[in-house]
Amino acid sequence: MKLPVCWKCNRSFKYHELLTFSAVKCPKCKERNYVTSKKRLQNALYTGPVSFLGSMTIIHSNINPAIILIFLILPILAFIPTNYKFTNKVHG
Ligand SMILES: [Zn+2]
């Protein structure tokens with residue numbers, strides 16, 4: 001799994017360092033890394049339909065919501081940080 005790198009020093013982020021919704025601070029060069037708006041949009045496009053589909057399935061079926069959460073929503077959420085691309089601009 002390829003993880004995103006710091007825009008300044010190219011240090012590869014560890015997965016747990018990416019579990020944030022705001023800027024990530026690079027441990028090596030201390031620069032703030034912002035997710036590019038293009039990637040934020042892309043990630044929203046992934047999560048939107050999946051969350052919608054997930055909640056529809058929960059409402060209209062007898063499947064345990066926990067199962068949907070574990071097998072559908074969590075894998076997408078887990079995948080999203082790996083799809084980040086960083087910039088030095090807040091609205092890059
Ligand atoms: Zn860095």
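Mentor: Two residues are in contact if their C-beta atoms, placed from the backbone, lie within 7 Å. In this predicted model, among contacts in the protein chain between residues at least 6 apart in sequence, 53% join residues at least 24 apart.

Trainee: What makes the protein chain more spread out than a compact globule?

Mentor: Start with its elements, which are two helices and three strands, following the pattern β-β-α-α-β along the sequence. The globule rule gives 12 Å for 92 residues, whereas the radius of gyration of the protein chain is 16 Å, well over that value, and therefore the chain is more spread out than a compact globule. Along its principal axes, the C-alpha trace spans about 50 × 25 × 20 Å, and 11% of the 92 residues count as buried.

Trainee: Why is Ser37 called partly exposed?

Mentor: Ser37, which lies in helix 1 (residues 37-60), has 13 other C-beta atoms within 10 Å. A residue is exposed at 12 or fewer and buried at 20 or more, so Ser37, with its 13, is partly exposed. Ser37 and Lys85 are 48 residues apart in sequence, yet their C-alpha atoms are 9.2 Å apart in space.

Trainee: How do you know that strand 2 pairs with strand 3?

Mentor: Pairing requires at least two bridges, and two bridges join strand 2 (residues 32-35) to strand 3, the two running antiparallel, with Val35 standing opposite Phe86 in strand 3. The open sheet of three strands has the order 1-2-3.

Trainee: What makes strand 1 and strand 3 edge strands?

Mentor: Strand 1 (24-25) and strand 3 (86-87) each pair on one side only.

How values were computed. Residues numbered from 1 in each chain as written. Predicted model: local features only at pLDDT ≥ 70, side-chain atom pairs only at ≥ 80, totals over all residues. Helix = DSSP H or I, 4+ residues; strand = E, 2+ residues; numbered from the N terminus. Rg over C-alpha atoms; globule rule 2.2 N^0.38 Å.
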